[in-house]
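Dear colleague,

Please read them with the model open.

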Amino acid sequence: MLTGQQYLASLDDDRATYFEGRRIKDLLAEPAFATPARAIAAGYDRCYSPEPGATNPLVLAPRSPAELRERASVIGEMDLALNVTYQSLMTLLTAAARLTGVDPVYRDRLQAYVDDAIAADIRIAECITDAKGNRSLSPSRQTDPDAYVHVIERRPDGVVIRGAKLHISAASLCHDLLVMPTKAMKPGEEDYAITCAVPVSSPGVSVINTTYHPKGDDVRHYPVSSQVSMPDGFVVFDDVFVPADRVFLDGETANAAVFAHSLGLWERLGGTTAMVRQADELVGLAQLIAEANGLAGVAHIREKIDEMAIHATLLRAGMEAALAHAQSTPEGFFFPDELFTNAAKYQGAAEFGRMVRHLHDIAGGSVLTAPSIADLENPDTGGYVEKYMGTGTELTAEDRLRLFHTIRDLTADAFGGWHLVTNLQSGGGLFAQRIVTRRHYDMARATRYARQAAGITPPPAIQPGND
């Protein structure tokens with residue numbers, strides 16, 4: 001296993017990382033990368049064991065419903081790089097059981113890669129969303145064939161790929177990039193049916209980054225994002241060679257969507273787990289700021305907080321149902337129920353904006369305009385801030401300031417905007433969750449109940465041999 005310091009040293013591998021128009025040679029000298037890198041390093045140290053052959057237990061496949069539940073309970077405590085690594089490895093194991101009609105060598109390679117990745121204690125970023133070009137056109141009909149990552153050359157020892165993957169969280173701070181098709185492919189699109197693992201430092205890989213990491217010097221004004229920021233990568237593959245042992249699908253269009261569907265399952269569990277905690281957090285902030293404003297007993301304020309609490313409870317119920325109905329693969333590891341996972345993730349994403357609206361309505365305009373803690377400490381202004389931000393309640397003026405800053409940072413600034421879009425788009429977006437929910441929902445049960453209620457006779461069963 002790696003220590004945190006060994007992880008930080010491993011980033012010095014001449015990877016092509018860019019930020020705000022500059023190539024970043026030393027990631028630890030750039031605050032937007034240094035803060036999340038050190039958070040990842042702290043995660044390494046929390047899990048580290050010096051025992052020979054030790055591995056991180058948080059990336060092992062759950063072998064029982066109890067292990068799955070235990071894993072879900074700690075997802076919210078993981079750093080994002082460890083979380084996406086876990087999701088990547090679970091995606092490969094889930095996909096291996098679902099591949100049909102393919103060369104068995106792919107399953108062997110998948111298992112060998114998972115074993116090696118766990119032993120080497122590396123971090124893996126999920127690369128699924130392509131540039132897509134004109135989204136009304138399929139990959140094979142694009143004006144630019146590079147709009148979707150594809151194979152441009154096949155060699156006896158591997159393949160060469162070209163294209164780009166967008167919105168890749170932690171790409172610059174991981175060791176490998178797990179590349180997979182973003183959607184189903186059809187005959188004629190064999191070059192786009194490619195799944196493989198690529199080291200971030202491979203020749204031809206470039207990562208262009210954005211981040212919500214705060215730029216102000218006083219991190220107290222950004223109490224959350226200053227601690228948990230993570231860069232998102234625009235990852236370019238410019239004729240990148242991938243050795244054969246790292247290729248897990250190449251040309252089998254019928255299986256192209258298997259990896260995306262498998263990833264979606266684990267992303268949605270992670271997203272739902274995060275949303276459950278986030279929903280409780282929003283309820284708590286709403287209650288505290290209502291108390292600080294002296295409005296906790298006002299009827300319409302209480303109603304909004306009650307509605308937020310009901311939303312949080314429904315999300316937790318969906319997550320609990322997904323874990324309680326966990327299913328097993330032929331290999332004996334457990335994954336969450338797809339119906340409940342997708343329904344809960346959809347509900348959380350669809351209602352997030354309304355819950356934030358309630359919070360803003362309860363908190364008021366000082367979410368945006370409250371003075372900083374530095375203003376409270378300034379002898380010229382501190383008395384005024386103390387006097388006019390105080391409300392005579394148990395919470396002090398400084399407490400009230402900190403609540404306003406936290407609400408703004410979480411919901412109304414760069415990090416808040418990131419959350420709003422990410423909650424909608426992670427795991428495939430609302431449309432993808434509707435598709436999977438419909439696929440697993442028991443429509444026969446629903447129509448049977450409806451027929452019973454309406455007094456409609458069920459249609460006769462079709463007998464074998466009848467037209």
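Arg15 is buried, at a relative accessible area of 5%, and its side chain forms a salt bridge with that of Asp13, with an N to O distance of 2.9 Å. Asp13, by contrast, is partly exposed, its relative accessible area being 27%. Please bear in mind that this is a predicted model, in which the count of salt bridges comes to 25.

A second pair is made by Glu320 and Arg69, whose side chains meet in a salt bridge of 2.5 Å, N to O. Because Glu320 lies in helix α8 (residues 299-324) and Arg69 in helix α3 (residues 65-75), this pair ties together parts that are 251 residues apart in sequence. Both partners are partly exposed, Glu320 with a relative accessible area of 30% and Arg69 with one of 33%.

Within helix α9, which spans residues 338-363, Glu351 and Arg354 sit 3 residues apart, about one turn of the helix, and their side chains are joined by a salt bridge of 2.5 Å, N to O. Glu351 has a relative accessibility of 18% and therefore counts as buried, the cut-off for that class being under 20%, whereas Arg354, at 32%, is partly exposed.

Notes. Residues numbered from 1 in each chain as written. Predicted model: local features only at pLDDT ≥ 70, side-chain atom pairs only at ≥ 80, totals over all residues. Heavy atoms only, no water. Helix = DSSP H or I, 4+ residues; strand = E, 2+ residues; numbered from the N terminus. Buried < 20%, exposed > 50% of the residue type's maximum accessible area, 1.4 Å probe, protein only. Salt bridge = Lys/Arg side-chain N within 4 Å of Asp/Glu carboxyl O.
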